[in-house]
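Dear colleague,

I am handing over a structure for you to look at, and I would be glad if you opened it before reading my notes.

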Amino acid sequence: YVDEEILHCMGRLLRHYAIEGKTDRMLSDPYELKHVVDPDFGEGLARWQVAAAEPGSVNAATFTGYGQLQGRYPVGTMGDTFAVMTRSAKAPNVISQPLQGLTPGRLYSLKVFTGDHADLRAGESRKDVQVLAITVDGAEVQPGGFSHPFRSIRGPAAFTKDKPFWMTYHWLRFRATGPTATLGLSDWATPGDPGGPIGQQTMVNFIELQPVLEPGAQP
């Protein structure tokens, strides 16, 4: 279940400590990620700029056990809060935030989880991909991003291993061109195309932004 950048970094760590026997810290990056403030919407929408398509189409919500469905560990309340964008026929809903502490020239990876709020509350799910357009203004977005469905393995009733809740894992990379950039998340595929069902309630959380240790780069 590991992605390419973590596999590469793990190989470097094993060589540094286990093969070469070094005891100094290999990575200069901080352990705690602070590029995005309140990535799980624990404070509601207070830390985010909201451009709603119509009144009430963007809200913050809570569902006990949603973090478990996502696979959060250890089991607790982490991941139970999220933003909900109800897709309008009039215009896209957009939530945005300035990214902080970027290193110009550095490559970063961005991950976002989405799910269908109506399905979650109804205790039903289907293997589907929720539409989410991700923009990073003020940076160079790299080709190769994707949106892929994934299933829960544990969680609250009515979902089980045999009756999972389906979510979508969104991923992209960008190269910073300055110390800041603006992250935008929209429930329309493009500014002129909804790309998904009108009225769908798209949940958004787990917005993780981290630097990439590129092959050959100094850690």
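Predicted model: local features only at pLDDT ≥ 70, side-chain atom pairs only at ≥ 80, totals over all residues.

Residues are numbered from 1 along each chain as its sequence is written, and side-chain values use heavy atoms, with hydrogens and water left out.

Helix 1 covers residues 4-19 (helices are DSSP runs of H or I with at least four residues, and strands are runs of E with at least two, numbered from the N terminus). Its 16 residues should span 22 Å at 1.5 Å a residue, and the end C-alpha atoms are 21 Å apart, which agrees; the expected span is 1.5 Å times one less than the number of residues.

Within helix 1, E5, C9 and H16 are buried, where buried means under 20% relative accessible area, exposed over 50%, and partly exposed in between, with a 1.4 Å probe and protein chains only. Seen down the axis of helix 1, the buried residues fall within an arc of 25° (taken from the directions from the helix axis to the C-beta atoms), so they line one face of the helix. The face turned away from that buried side carries the exposed residues E4, L7, A18 and I19; L7 counts as exposed because its relative accessibility is 56%.

Just after helix 1, G21 takes a positive phi of about 70°. T23 lies in the loop between helix 1 and strand 1 (49-51), and at 76% relative accessibility T23 counts as exposed.

Best wishes
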